[in-house]
Amino acid sequence: MADKKRVLVTGMAGQIGGIIRRELGERYELSGIDQVNVESVPSTVADIANLNDILSAFEDIDAVVHLGADPSPRASWESVLSSNIIGTRNVYEAARLSGVKRVVFASSNHAVGNYPMLQDPYKAIYDGRLGEIRRPFDPLTPDLLRPDSYYGVSKAFGESLGSYFHDEYGISIICLRIGWVMTPDDPTFAPSALSLWLSHQDAAQLIQKSIDAPQSVGFAVVNGESDNALSIWDIDTTRRVLGYEPQDGAGENWTEIPGRPGPMGT
C-alpha cells in the first residue's frame, strides 16, 4: 500500500468515479470527496464550494482527479457558479496549499462544443447526415474556446484557471476534454454518441495515463474519446502527450432509441 500513489477523486460517487473505483482501485490508494458518502473508499462528505470543508482531504495526496461538478449541459448559472467555478477554484487552491503535484481536471467537449453544433461537416455528423460528408474529414483542433452552455463556460474557466495555477505555482495540471461517458456503455443510439463515445475501459486508461504522466507534462489540454470512426476531435495529441491508446471504437451504425439524451442532455 505504501508504494501506491495516493489519489483523491472529487465527485467520487458519480459515474466516472465508479469507473475509477472499479478499474483503478487496485492500482492506487483512493480517497474521495462528494456530497454523499462512498462506502468502498475513505470519503469526505462536503461541498467543494466550501474550501475549509475540503482542505483536510488533500493532505498527503499525490494526485487529484477533479470530477466534482454539476454535469448537466443544461445546468443553471447558479449551480454552475457554485459547483463548477467556485468549486474548481477551491480544488486547485486546496491542492496548492497541500503541496499536491498533479491535478487531472475533467474538462469537457462542451468547452468547444459550438464548433460541431454550428459548423459543417461536424454538425452533419451529429445530425446523421453522413452522405453529405466528404471523406476523410479533418478532426477539429480548435485554437479558440467556443462553449455551448454555461456548463461549457465553466469547463473553459477550469482550463484557464489550470493554466494559471501551473504557471504561477508549478502544479502539473492535465485537462481532459471528455467526450461522452455513458451508461449503458453503448453509443449506438445516435450518431452524436458514436462520435463522442469514451468507453468505460478507455476512460479508466485515460485517467490512469494522466495520473502517471511524467511531471514534465506541466500543463496540457487533450481530448478524451475512444477510437471512433466518426470522431470529430483530435486524439493524436492525447496519444502523444499521455501515451493513451484507446482499446474501443464506435462504428457508424445506430438505431435511434427514444428517451436517450442528445449531446446537450436533452
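In β4, which residue is the bridge partner of V9?

Mentor: The bridge partner of V9 in β4 is V65. Before going further, please note that this is a predicted model, in which local features need pLDDT of at least 70 and side-chain atom pairs count only at pLDDT 80 or more, while totals for chains, interfaces and linings use all residues. Residues are numbered from 1 along each chain as its sequence is written, and side-chain values use heavy atoms, with hydrogens and water left out.

Strand β4 covers residues 63–66 and runs parallel to β1, to which it is joined by 4 bridges; strands here are DSSP E runs of at least two residues, helices are H or I runs of at least four, both numbered from the N terminus, and two strands pair if DSSP finds at least two bridges between them. Strand β1 itself, residues 6–10, is mostly covered, since 4 of its 5 residues are buried, where buried means under 20% relative accessible area, exposed over 50% and partly exposed in between, with a 1.4 Å probe and protein chains only.

β1 also pairs with strand β2, residues 29–34, in the parallel sense over 5 bridges, and in β2 the residue opposite V9 is G32. Between β1 and β2 the chain passes through helix α1, residues 15–24, in a right-handed β-α-β crossover, a term used if, with the strands pointing away from the viewer, the path from the first strand over the helix to the second runs clockwise.
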